[in-house]
Amino acid sequence: MMLRLKIRDRRAAAAVLVLAVLSVGFALTSTFASATPAVDPGELPAEGNAETETSAFTGPTMSSASAVQVAIGIATGAGDANPTGMSQMAGTFAETQAVMSQGKGGSMRESAETAAWFKSATYLTVMHGHFTGQLVAPGTNAVEGTVLAVITDAHNGWIEGESIGDTAPSSTSLSAVTAPAVADGPALEAGGGRARIAASAVGVLAGRLTRAGWPVGAPRLPLPDWQVVVGKDGLPQHIIAGLHSPNVVATARSDGNGAFILHLRPGRYLVAGVETGGASAHAKVCAPKHVTIAAGRRTAIEIGC
Amino acid sequence: MQKRVLLLATLCLPSLFAPSVAHAKFWGPGNTCFREPADEQHHCYATEEWILAGYPTEYGDGAVLFDDTKTAEVPGWSSGDFVTNELWLLFNTENYLETGVMVGHGRNCCTLYPFYAYTRNNHQEMYESLSPAAPKNAYDNHFEIYDPSHTGYWGIWWGGNGNETGSQVWASGGGEYPDWFKDLQNGMEAGANSQPYSWGRTEVASVEPPSDGWTEWLSGYGVPSKVSKSPHQCVYRNPESNHYGNIEFSTCLIEE
């Protein structure tokens with residue numbers, strides 16, 4: 001009996017220890033989340049979360065132009081950030097889904113479970129370019145095509161349908177649309193002097209420069225007042241360190257927490273951290289990382305130095 | 001088996017701290033897991049696959065998946081990262097049908113949303129629908145792909161218990177797909193540039209003629225399904241129900 005009690009005590013102690021570890025973990029998680037660089041919510045379409053998931057069916061609707069930008073973000077993720085020949089229609093999900101699929105392969109069925117979904121307001125945006133499907137069954141190739149159709153929930157911008165192929169959906173409800181204008185030139189620097197033009201046509205890169213803590217296993221430490229350099233994709237490290245390179249499209253400076261925010265046009269970039277005054281050959285340069293920016297979306301990145 | 005489960009649980013414990021981990025660009029061994037370009041070499045998987053001999057010797061007309069995702073967190077959700085836990089049904093053509101749950105994909109970090117997708121026209125076209133509503137309870141994480149007519153009219157059901165119960169969300173046209181499948185897979189697909197965290201268990205069955213009864217993924221010739229995974233992903237037999245096809249999967253980067 002004594003032995004069993006000891007075993008139970010050990011198990012209880014182990015359980016308490018596990019709970020304590022979990023509590024600390026959640027506390028750290030909350031701390032980190034609150035320290036993440038904030039983004040002005042007015043700059044972005046509403047982002048979904050568990051608390052607002054039912055907003056898919058209700059509330060004010062976004063503009064046609066915003067839906068175009070969301071669709072361009074999907075096109076960027078599918079491999080073509082500059083789709084052409086865009087057209088769009090507004091309608092219920094049942095209507096836009098029917099136009100998107102054209103009955104090819106099969107058709108959706110409405111049921112009690114999906115009735116609210118079918119009646120919800122959506123946009124269908126059709127684009128031309130070169131696209132690659134994101135879902136890939138093991139052992140198969142990703143589907144590629146020249147036409148990408150995207151169904152966007154009109155309330156929160158969520159993607160509810162996609163198709164890729166070589167034949168565009170046909171409907172008299174589809175009207176030509178164009179991407180909202182984006183000013184030429186480099187990206188907008190955080191807090192910079194350029195006007196916040198067409199904020200919905202750019203994406204937000206929210207990042208943090210850090211270095212290893214000490215001793216081993218300690219939290220990473222921020223790198224304040226470092227230069228952040230954004231270059232074109234494929235830029236060699238020694239080029240990105242040269243801040244005057246024509247291939248550098250944006251720069252920023254990390255704040256006291258090592259954080260930085262940049263507004264970038266959709267596309268794929270190389271991002272590096274450079275020690276302040278880092279135009280010299282001896283400047284410390286963090287290992288650059290690739291990042292893909294989608295219109296109207298926030299992309300987080302941490303660069304370790 | 002208990003040691004294996006304990007090991008898996010231990011390896012997955014860091015998933016609870018996912019947000020405190022750096023949003024590292026690319027992940028997996030040699031940073032080989034990422035979202036784009038989307039292909040089998042860059043997405044990472046933890047699955048079980050069962051390949052049948054095919055018609056007329058060995059074939060089926062449906063499959064069911066009961067998904068029990070325990071943890072799902074996709075830190076890169078806002079940039080389009082996603083994880084699916086799902087069932088794939090492949091024909092002797094390149095076309096396939098799939099359904100299950102998806103996390104991320106621009107919505108939020110951690111909520112499971114039912115989806116289905118299919119390819120057609122010799123795998124030249126793909127269509128996908130992703131529900132805006134999360135399942136109300138675990139029972140709704142039941143999925144079925146089935147051709148009750150045995151004539152190539154396939155359907156997808158959510159939230160039922162097989163045999164055309166639940167909500168039918170999709171029905172194929174006639175002549176689009178063969179009468180019988182020859183390959184089933186289930187498990188996790190991660191298309192993510194930042195390390196996602198997901199683990200869970202699945203229970204599956206194959207639906208086979210003439211009775212359309214449910215069977216585990218074991219051939220009449222004694223050929224069982226086999227786990228298949230990208231390097232360092234985790235996949236084991238489901239300890240709660242260790243029939244062939246049932247797995248326990250995880251993105252935990254186990255050392256091999």
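Q: Helices (H or I, at least four residues) and strands (E, at least two) are DSSP runs numbered from the N terminus. Where does that put B:N121?
A: B:N121 sits in the loop between strand 5 and strand 6 (125-130) of chain B. This is a predicted model, where local features need pLDDT of at least 70 and side-chain atom pairs pLDDT 80 or more, while totals for chains, interfaces and linings use all residues. Residues are numbered from 1 along each chain as its sequence is written, chains are lettered from A and ligands numbered from 1 in the order written, and side-chain values use heavy atoms, without hydrogens or water.

Q: What is phi of B:N121?
A: Phi is positive, near 55 degrees, and B:N121 is not a glycine. Most residues other than glycine have a negative phi. At 39% relative accessibility, B:N121 is partly exposed (buried is under 20% relative accessible area, exposed over 50%, partly exposed in between; 1.4 Å probe, protein chains only).

Q: And B:H105, buried or exposed?
A: B:H105 is buried, at 8%. Its phi is also positive, about 55 degrees, in a residue that is not a glycine. B:H105 is in the loop between strand 4 and strand 5 of chain B.

Q: Which peptide bonds are cis?
A: B:Y55 to B:P56 is one, with omega near 10 degrees; B:P56 lies in the loop between strand 1 (44-51) and strand 2 (62-73) of chain B. B:P209 to B:P210 is another, with omega near 5 degrees, and B:P210 lies in the loop between strand 11 (197-208) and strand 12 (213-215) of chain B.

Q: What is the geometry of B:F91 and B:W154?
A: The centres are 5.2 Å apart and the planes at 75 degrees, so the pair is edge-to-face. B:F91 is in the loop between strand 3 (82-90) and strand 4 (96-104) of chain B, and B:W154 in the loop between strand 7 (142-146) and strand 8 (155-158), so the pair ties together parts 63 residues apart in sequence. B:F91 is buried at 4%, and B:W154 is buried at 1%.

Q: Which cluster do they belong to?
A: Ring pairs link B:F91, B:Y116, B:Y118, B:Y127, B:W154, B:W158, B:W170 and B:Y177.

Q: What about cavities, how many?
A: Seven of 30 Å³ or more. A cavity is a set of points on a 1 Å grid over the protein atoms alone where a 1.4 Å probe fits but cannot get out, and lining residues have an atom within 4 Å of a point. Points are joined across faces, edges and corners, and volume is the space filled by probe spheres set on them.

Q: What lines the second largest cavity?
A: Its volume is about 140 Å³. Of its 18 lining residues, A:G73, A:I74, A:G77, A:R297 and B:E36 are the closest to the centre. Helix 2 of chain A gives the most, four residues.

Technical notes
Rings of Phe, Tyr and Trp (its six-membered ring) pair if their centres lie within 6.5 Å; planes under 30 degrees apart count as stacked, over 60 as edge-to-face and the rest as tilted. On a 1 Å grid over the protein atoms alone, a cavity is a set of points where a 1.4 Å probe fits but cannot get out, and a pocket is an open set with protein on both sides within 12 Å along at least five of seven lines; lining residues have an atom within 4 Å of a point.
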